[in-house]
Amino acid sequence: MIPSRLAIEEMEHWEAQMDKNTQRAMFSSKSNDWGTPQNFYDKLNNSFGPFTLDPCSDGQNNKTDNYFTKEQNGLSQDWSGNKVFMNPPYGRAIKDWLKKAYEEGQKPNTTVVCLIPARTDTKYWHDYVMKAQAVYFVKGRLKFGDSNNSAPFPSAVIVFTSALSPFGTIMGAMGRE
Ligand SMILES: C[S@@+](CC[C@H](N)C(=O)[O-])C[C@H]1O[C@@H](n2cnc3c(N)ncnc32)[C@H](O)[C@@H]1O
């Protein structure tokens, strides 16, 4: 469908209004590392954990005792046998992380829970997220890291696991608290 003139004008208005800090946060390479809010992590850990592996860490922001850093390259490691919590860098490589999460989630006794931006129009979303066992859309915006500001994008929690649901992909909503 072709967007109406009004919709385009609304979008242009929104873009013009977006504050400069938000723009910098959205487009700087540093902003690829969106640290999981601890209370949201605790909620996921209670629901899907206890998590045993964080494959995306700088060695200081790991959420579990067992983790991989960039130097170890979590993408090239074996995650099998773990309950994995994955909040990957949100740059171009996010597609590689979703591929990896999907593949590891096929292994026996392995569950991968991912916190990612809800970019439902991307190729990786359709290639991998649509094959997940569960997709939860977060209601409202998360405040990542130690920021007081809400993220400029919506988030989703994706569950890949070999424990297949007879109902196909489960879709649901999830609160921030
Ligand atoms: C979004 S942050 C998540 C940090 C933390 N695990 C959390 O959930 O708050 C992504 C992290 O992945 C790390 N990272 C980047 N490339 C990586 C790689 N190839 N292997 C492992 N970690 C990597 C970054 O240094 C960054 O700390």
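Modeller: Happy to! In this predicted model, the largest nonpolar core has 32 residues, and those touching the most other members are Val84, Met86, Ala101, Val112, Val113, Cys114 and Ile158. Several elements each supply at least two residues of this core: helix 3 (38-48), strand 3, helix 4, strand 4, strand 5 (134-138) and strand 6. Strand 4 gives the most, with 5 residues. As a general point, nonpolar side chains tend to be buried together in soluble globular proteins.

Leaving aside neighbours within four places in sequence, Ala101 is in contact with Met86, Val112, Cys114 and Phe160. Ala101 is also one of the buried residues of helix 4, together with Trp97, Leu98, Lys100, Tyr102, Glu104 and Gly105. These buried residues pack against strand 3 (83-86), strand 4 (111-117), helix 5 (123-127) and strand 6 (155-161). Helix 4 itself covers residues 94-105, which makes 12 residues, and its first and last C-alpha atoms are 16 Å apart, close to the 16 Å expected at 1.5 Å a residue.

Now let's turn to the ligand. There are 21 residues around the ligand, and Thr36, Cys56, Asp58, Gly74 and Asn87 come nearest. By class, this shell is made up of 9 polar, 7 nonpolar and 5 charged residues. Strand 1 (54-57) and strand 2 (67-69) each supply at least two residues of the shell, and strand 1 provides the largest share, 4 residues.

Definitions and conventions
Residues numbered from 1 in each chain as written. Predicted model: local features only at pLDDT ≥ 70, side-chain atom pairs only at ≥ 80, totals over all residues. Expected span 1.5 Å × (residues − 1). Buried ≥ 20, exposed ≤ 12 C-beta atoms within 10 Å, placed from the backbone. Contact = placed C-beta atoms within 7 Å. Near = placed C-beta within 6 Å. Nonpolar A, V, L, I, M, F, W, Y, C, P; charged D, E, K, R; others polar. Core = buried A, V, L, I, M, F, W, Y, C linked by C-beta atoms within 7 Å.
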